[in-house]
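User: Could you take a close look at one part of this model for me, the charged pairs and the surface around them? I'd enjoy a connected walk through it.

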Amino acid sequence: MLDVYVSRNNFENRKKDFTFRSRNCGTITRDQFVQIIAESNTTVTESDTIAVMTLIEQQFDKLINEGFAVQLPMGTFRAGASGTAESPDDRFCPKPARSPDTPKRDHALSLLFEPDRKKEKNLKYHVKYEKTSNRLVCCPFFDALYTIKDSFVHTIEQGQSLSAHGDYLKIDFSDEEQGLYLCKGGGFGDEKLYRISSFSRNARKTLTFSIPYNIPDADYRLCICTRPAKTLLTAYSRDFRIERQQKSESSLVLR
């Protein structure tokens, strides 16, 4: 059954303060899916299913790599390009650069999926769901950011302390996948640009930490990755801007 819960909406252009989100009850692996097909009262054996699925996967990869869109019963798959360029003559280079001196690009090729409209339309009538509490889901979320002295943040110099308040924020530093990061603001991608490494408080409802020095001027948002249960979960704060002021002073300004 699909768990549906309410989460705080942290987008700057939000129309309402809360949004509905969902969590699946589990994942069916490829091997489990093969077994389900083989046990569905058909004459198709498990070996037959594996052979057919392997052939489908091989032909799917071949056609996608050749630039075709592939239509399957659940929808259509295609490869899609994304990224930015300074001029029409720029090369499209989605492969990772071999040399660290090569300028970084945001060029990417992704596998895109367009669901079958009829199947998507029927979801509202056939998917089993239940509204649950966000507390039960244990998703991390940010309520607000504060300075140590002030009740809310106006500005803060780089290197000074900041407190993030919310729930399920505690980080297990022995788990390398968990952490607090600065990401690009505006909802434009989830790339983790800077990792926060200096903490004075690490608790479920409060994180107190220092903003790193020498952060370039730009819009940012906090990204936290925690594992309250078995699954790694991610949450984002509202956007803020780090600006370098006169006399080499820098401040963080919440929007």
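Analyst: Happy to. I28, F33 and I36 make a nonpolar surface patch of about 290 Å² (patches take residues with over 30% relative accessible area and no salt bridge, joining like charges within 9 Å and nonpolar side chains, Val, Leu, Ile, Met, Phe, Trp or Tyr, within 5 Å; areas are Shrake-Rupley values with a 1.4 Å probe, and for residues only the protein chains shown count as cover). This is a predicted model, where local features need pLDDT of at least 70, side-chain atom pairs need pLDDT 80 or more, and totals for chains, interfaces and linings use all residues. Residues are numbered from 1 along each chain as its sequence is written, and side-chain values use heavy atoms, without hydrogens and water.

I28 sits in the loop between β2 (18-23) and α1 (30-38) (helices are DSSP runs of H or I with at least four residues, strands runs of E with at least two, numbered from the N terminus). I28 counts as exposed because its relative accessibility is 55% (exposed is over 50%, buried under 20%, partly exposed in between, with a 1.4 Å probe and protein chains only).

Now to the charges: the structure holds nine salt bridges (a Lys or Arg side-chain nitrogen within 4 Å of an Asp or Glu carboxyl oxygen). One of them joins R30 and E57, at 3.4 Å from N to O. R30 belongs to helix α1 and E57 to helix α2 (residues 46-65), so this pair ties together parts 27 residues apart in sequence. R30, at 37% relative accessibility, is partly exposed, and E57 is partly exposed at 41%.
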